[in-house]
Every structure is written in C-alpha cells, then in structure tokens.
Amino acid sequence: MKRNVIATFTWLGFALMSCSAETPEESNNPAPADTTAANKVAVWVTNGTQGKLLKSEQPLSIVKAGTVSPAANLINIDFSTKLQEMEGFGAALTGSSAYLIQQKLNASQRENLLKDLFDPNTGIGMSYLRVTMGASDFSLEDFTYNDLPAGQTDAALSKFSIAKDQADLIPVLKSVLALQPSIRIMATPWSAPAWMKTSGKLAGGSLKPEWYGAYAQYFKKYLDAYQKEGITIDAISVQNEPLHEAAYPSMGMDSAAQGNFIKNHLGPLFEANAIRTKILLYDHNWDRPGYPISILNDPQASRYVAGSAFHAYGGNVSAMSEVHDRFPDKGLYFTEISGGRWATNFSDNLKWNMSNIFIGTANNWSKNALLWNIALDENDGPKNKGCDNCRGVVTIASNGSITKNVEYYTIAHMSKFVRPGAFRVQTDRLSASSQLEHVAFLNPDGSKVLVILNQGADNRKFTVAVGKNQYSYTIDPNAVATLVWK
C-alpha cells in the first residue's frame, strides 16, 4: 500500500470525508439462480441505498428481436468476438488478513467466512489471491525470508525460511485451496532482505547490483518452498510499488534496474529451471505507464515477461489500454486499490469501484481485478507503519462478528458470475448521457454475463440485443446489476 491514502485519493473527486459512515447490511447469498432455463436471464442487483445487496431478482424473458420495441439504450453484444481471457477476481490475503482469519475466528466462523468468500456456489467465488513475500505494511512485524544480524550476508541463502508464514498465511491458503483448488495466487515482495540493500534495512533503499543473482535465487527458493506445501504460485511481480520508499518494508527499483534484474538474472533463472510462474512488471500506479513500456521495449527482457500490473492510487485506468496498444501480446493485471475511512458513502464507493476497478479495468484489457486487504479489524488493522485508515473487504471485529463492506459486493458482482477462463466480448458503447457503463463476458460453460452500472439518480431502461434475440431491463438508480443467461 502506498503512503497514507487520504492524500492519494483526492484525485477520485469524491469529497467524502464529511459523509456519514456506511453501514453495510449482512446478506445471505442465495443459491445461484437457474441460468440454464431456456429464454431466461438471471438478475442480481446491489444498489446505493443498500436495499438490495447482491439480491437475486425475478428472471427476465428473452424474446425474438422485433417482438417489442427496444429501449433507447440499446446494447449490442457480439459473443463471437473474444477479447482478453479473464483469470479471476479477488483481493490480497495479507499477513494481517491471514492472522485475523486464522487466530481471531473459531473453526466454525473461519469455515463459514472462507466458504462465503471462495465457494462459487454458496459464496461469491473469489478466484484470485495476492499474497506478500515477507512483510508488508499489513503484517504483524517486519521480516523477509532471510533476515540476518547487521553486517552478515548469506550469498548461498542457506538460512532461507518461510517459517513465519506457517502460523497463519499457509494454513489459510490451504483452507482456501480445499474450497477452490484452481484459485490463482500472485506473490509480491515489499523488500529484499536488508543485507542485500543500500539502506541496510527493510524500510526504503534499493537492491545492490552485486546481489541481483542471489535475489533471483530468493524468488526460486520461495516458489519451491511453497510448492512443497502444495501451494502453486501462478505469478510474481518483481517489486511492489517500486517508485515508492516508505517507513514500512519497501524498496526502490527504477525501470532500468527492474529490466536488468529480469533480463540478466530472474528471467534466465526461471527459464533454466523450467519455472512456469509468470513474471509481472511494475505493480504500481496508472500514472506511469512508461515504466513497463520501457522494459517491454527491450526484447531480451520482454521475452521473460508475461505482463504488467497496476494500482489505482494515481492516474487513469486508460493507461492499461496504452500499454496494451503497444504490446497486445502481453497481459495486463490490476492488483491493488483499497477503500478506507476517507470515503465512507456506500453508493459513491459502489459506483467508483465498479466504474474504474471492475468494469473499467476489464474494458481496458485487464485479465483480473484485485482489491487490497481481504480482512481488517474494527481498528483498520493490524497494521505495520502503513495506511492507518484502510478498510478491508470484510471487517472482523474482536468479538468474531463479520461485516461485509462495499468492496465485498463490488467483487461479488464479478467473481460469482465471471469465472476463470471467461473471455471479455465485444459490445457497443453507450453514450455518456445514458449514465450506463457495462462489460460482457462469455464463460467457459457457455453462459453469458453482462455487468452494468447505472451512475444516474433515476431508473434507466436498456435493451440487450444478441443476434436475433433481445431482452430489456430497468436498473435502479446508483446500482450495479449482473445478468446471466445461456
């Protein structure tokens, strides 16, 4: 997480500091509606008043085009034109989140929460997780997997150990894998071991060039150690927020250094050892797309790179399309944004997240969308010298009660219905005056999904045209709806 986020969110234009605190209601996830019924569309809605929280409504009827006059807002969807393949939706299982889930919930509470979050049938089916390699600003303490007394080095990494992950993170990951064995996991370091750095400490500084080779081996040892636990890491990013050094574990790494590290050390090591884990660039804000572009411009570095990762604490989501247009063969990933006490209006948060993070990133070629902490406590922690007012996807209180925050519902409208392996498909754009934003997908099982947001303060009727068929729906004001049909 970047610096205190109150300052970084001024660009959102929310001006929500004086708004009343949101009080999301608890919602029992109903069983998935029957989307296989002929000529029917299942509808799930969340609105800004919280009167509907992932609520299943009466199915819509699909009729032949021309049977009834279409609404003025007509959405044509071409399911034969497939765009990027989706890998999943979710959030970060930080050290703090894992601690709360493993230590502050009893076995029954933990099982119920994890089913709610990860079971695609009875829950919202999160399908992608981000974990931290070592400590972040949301951990119980500072650490890496090779910490030594000042002045010592360990070139062979003989003291490498993931023991600190054994208490909370690994047990929770194993529980998640039991619910969803195919879930994708991305890992990101906040800092190299202090003895490898110019600062000699975990806070700030950069990686010394003489330790590039050892640090590449550090990644391999991490992947091997997790594999021995039965946990496959699908992707790594080289460095979290490489353009920001902070009082918590962090490390500066400009694009030249990251390109050098990948081209001459990490990439060749992965290739020599047939490591299939994806290497992702950058992992920082939308405002510096030139960073990943400069590395992808080097064909020797680019050959090892699967794609680029972005955060949303600065810039505009269109930066992802800027990178895609230059390098359409490389993947794009959205990996972090947090809610917090600086923005407490449920309706405005619902709309901003759907517009920018879920609908927005998908329409700008992202293969996933991840929020920050899955869980924090009622005091916005535990925290480790970072953001002091961030909000988790859920809040786990000291008495074990769980509150589902607005972020839970924004993830759910994608993760429950758009499954890994789905493709985004071509749709018409509506005029800005319609105040409707949308994205459509084709799932591996052939089911079709439309996610649509009404930014307006009034009901909006629209018609969806697919080939020779159509259906119409009127969406609530300040609401998101997910529509699913076969």
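Phe219 touches Met133, Pro189, Ile236, Ser237, Val238, Phe261, Leu266 and Phe270, once residues up to four places away in sequence are left out of the count. This description concerns a predicted model, in which Phe219 belongs to helix 5 and, with a relative accessibility of 0%, counts as buried. Between Phe219 and Trp342 there are 123 residues in sequence and, from C-alpha to C-alpha, 36 Å in space.

In soluble globular proteins, nonpolar side chains tend to be buried together. For Ile357, the contacts, not counting residues up to four places away in sequence, are with Trp286, Ala312, Phe334, Ile337, Trp352, Ala369 and Leu371.

**Helix 2 and helix 4**

Two packed helices are described by the angle between their axes and the distance between the axes. Helix 2, made of residues 95–103, and helix 4, made of residues 169–179, have axes that come within 8 Å and cross at roughly 75°. Because angles of 65 to 115 degrees count as roughly perpendicular, helix 2 and helix 4 are described as roughly perpendicular to each other. On the helix 2 side the contact is formed by Ala98, Ile101 and Gln102, which meet Leu169, Pro171 and Val172 of helix 4. The residues of this contact divide into five nonpolar, one polar and no charged.

Within helix 2, the residues Ser96, Ser97, Ala98, Leu100, Ile101 and Gln102 are buried. The elements that cover these buried residues include helix 4 and helix 3 (107–118), together with strand 5 (88–92), strand 13 (368–373), strand 14 (375–376) and strand 16 (394–396).

The structure holds one disulfide, which joins Cys387 to Cys390 with an S to S distance of 2.1 Å. The torsion about the S-S bond of Cys387 and Cys390 is about 120°, and the disulfide is therefore right-handed. Cys387 is buried, its relative accessible area being 0%, and Cys390 likewise counts as buried at 0% relative accessibility.

The loop between strand 14 and strand 15 (390–391) contains Pro382, and the peptide bond that leads from Gly381 to Pro382 is cis, with omega near 0°. Lys385 is found in the loop between strand 14 and strand 15 as well, and Lys385 has a positive phi although it is not a glycine. A positive phi also occurs at Gln435, again a residue other than glycine, which lies in the loop between strand 18 (423–427) and strand 19 (436–442). Most residues other than glycine have a negative phi, and most peptide bonds are trans. The phi and accessibility values of these two residues are set out below.

| Residue | Phi | Relative accessibility | Class |
|---|---|---|---|
| Lys385 | about 70° | 47% | partly exposed |
| Gln435 | near 60° | 32% | partly exposed |

Methods:
Residues numbered from 1 in each chain as written. Predicted model: local features only at pLDDT ≥ 70, side-chain atom pairs only at ≥ 80, totals over all residues. Heavy atoms only, no water. Axes fitted to C-alpha atoms, helices over the stretch in contact; angles between N-to-C directions. Helix = DSSP H or I, 4+ residues; strand = E, 2+ residues; numbered from the N terminus. Parallel < 35°, antiparallel > 145°, perpendicular 65-115°, else oblique. Contact = heavy atoms within 4.5 Å. Nonpolar A, V, L, I, M, F, W, Y, C, P; charged D, E, K, R; others polar. Disulfide = S-S within 2.5 Å. Buried < 20%, exposed > 50% of the residue type's maximum accessible area, 1.4 Å probe, protein only.
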